[in-house]
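Dear colleague,

Please find the structure below, followed by an account of what was found in it.

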Amino acid sequence: MNDYHQFLQRRTASAPDAGFTVDPNQIHHSLFPFQRHAVATALRLGRAALFEDTGLGKSRQILEWMRHVVAHTNGRALLLVPLAVAHQFVRSEAPALGLDLVYARSQAEADASGCRLIVTNYEMASRFDARQFAGVALDEADIISNFVGKTNQLLTALFRDTPYRLVATATPAPNDLIELGRYSEFL
């Protein structure tokens, strides 16, 4: 039996941590303990997924993750969201955490804003220079789950070299290997 356990340990694949650690006390106090843990884990991993059901606070976790990436790198972070969701982040979610978040439709608008936290729609992603961002987060990331979709191909190629990446979406089906593979490829 020991040989079998050793065999399994040798076959286990894992990606090395590519992030950084934060003091849990520095994660916003309004987040629930499970949310603080998820944010801290995502930051430590550097490239992570928040697979959580509706209503569990992915939006605030994303913003808190972005805040720490920006603070750690002294860079900028970009959040990509579906149509009509960006203004929810700007008007209610970011202010609740005391954050300045700007909606921009292009790199030029993002640069002109002077803000380090930027949100835009998926449809506008190609108008941004990925090299200008230390982190990128995808809200409702199931948009990249399509195996041959143009959005999946664009985002994966565009942000391939972005150091910190986060996807947030409802929990995928555990036996949907194509969808899980798309998230893995992006991350």
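Strand E2 (77–81), strand E5 (135–139) and helix H7 (177–186) are among the elements that cover the buried residues of helix H6, where helices (H or I, at least four residues) and strands (E, at least two) are DSSP runs numbered from the N terminus. The model is predicted: local features need pLDDT of at least 70 and side-chain atom pairs count only at pLDDT 80 or more, while totals for chains, interfaces and linings use all residues. Residues are numbered from 1 along each chain as its sequence is written, and side-chain values use heavy atoms, with hydrogens and water left out.

In H6 (residues 150–158), the buried residues are Asn 152, Leu 155 and Thr 156; buried means under 20% relative accessible area, with a 1.4 Å probe and protein chains only. Because they cover an arc of only 100° around the axis, they are on the same side of H6; the arc is that of the directions from the helix axis to the C-beta atoms.

The loop between strand E3 (102–103) and helix H5 (107–113) holds Ser 106. Ser 106 has a relative accessible area of 18% and is therefore buried. Leaving aside residues up to four places away in sequence, Ser 106 touches Arg 127 and Phe 128, contact meaning heavy atoms within 4.5 Å.

Finally, helix H2 (residues 33–45) and helix H3 (residues 58–73) have axes that come within 10 Å and cross at roughly 40°. Axes are lines fitted to C-alpha atoms, for helices over the stretch in contact, and angles run from 0 to 180 degrees between N-to-C directions. The contact is made by Gln 35, Ala 38, Val 39, Ala 42 and Leu 43 of H2 and by Gln 61, Glu 64, Trp 65, His 68 and Val 69 of H3.

Yours sincerely

Note on methods. Buried means under 20% relative accessible area, exposed over 50%, partly exposed in between (1.4 Å probe, protein chains only).
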